[in-house]
Amino acid sequence: MIKIYTDGSCLKNPGNGGWAAIIFVNNEKIIISGNKKNTTNNQMELIAAIEALKKIPKGQEVQIYTDSKYVKIGITEWIKKWSQNNWKTSSKKKVKNISLWKKLNEISKIHNIEWCWIKAHAGDPFNEEVDKLAKNAASLS
């Protein structure tokens, strides 16, 4: 079982953003991060999950821990309706961040993923670490 912790950060929303992931594969800890100018916190949260999933071999059992309800609920519930409704919300508005949602949806299909929401700043050491990594990445953009 591969475990992944992800987080995104924006210094202003929108503004300079950063993302990070901590990936545990066979007792090895892998840290990845990146940044982008003129982005949003939600985009950074999505990119963190996408980039983490790109780093692991296809067909894995994965647990992803995110403190973003937007990501967790979006990928486990909302995305099914969005794709059926031509990427429109229930209020008939265009889904925000469509290209990122489509990427996350596609890459998610090649793994068996359990999406886990974790409360931010509640003392989980890996959630705290990935939060710091994402903030540090945002400050570099």
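Tutor: In this predicted model, Lys69 lies over the face of Trp117, at 4.6 Å from the ring centre. A pair of aromatic rings is described by the distance of the centres and the angle of the planes.

Tyr5 and Tyr65 count as stacked, because their ring centres are 4.7 Å apart and their planes stand at 15 degrees, where the limit for stacking is under 30 degrees. This pair joins distant parts of the chain, since Tyr5 belongs to strand β1 (residues 2-10) and Tyr65 to strand β4 (residues 61-66), 60 residues apart. Both tyrosines, Tyr5 and Tyr65, are buried.

Trp78 and Trp82 form a tilted pair, with 5.8 Å from centre to centre and 45 degrees between the planes. These two residues are 4 residues apart in helix α2 (residues 69-84), so about one helical turn separates Trp78 from Trp82. Their accessibility can be stated for each residue. Trp78 has a relative accessibility of 36% and therefore counts as partly exposed. Trp82, with a relative accessible area of 10%, is buried, because buried means under 20%. Trp78 and Trp82 also belong to one aromatic cluster, which is formed by Tyr70, Trp78, Trp82, Trp87 and Trp101.

Terms used:
Residues are numbered from 1 along each chain as its sequence is written. This is a predicted model: local features need pLDDT of at least 70, side-chain atom pairs count only at pLDDT 80 or more; totals for chains, interfaces and linings use all residues. Side-chain values use heavy atoms; hydrogens and water are left out. Rings of Phe, Tyr and Trp (its six-membered ring) pair if their centres lie within 6.5 Å; planes under 30 degrees apart count as stacked, over 60 as edge-to-face and the rest as tilted. Buried means under 20% relative accessible area, exposed over 50%, partly exposed in between (1.4 Å probe, protein chains only). A charge sits over a ring if NZ of Lys or CZ of Arg is within 6 Å of the ring centre and within 35 degrees of the ring normal.
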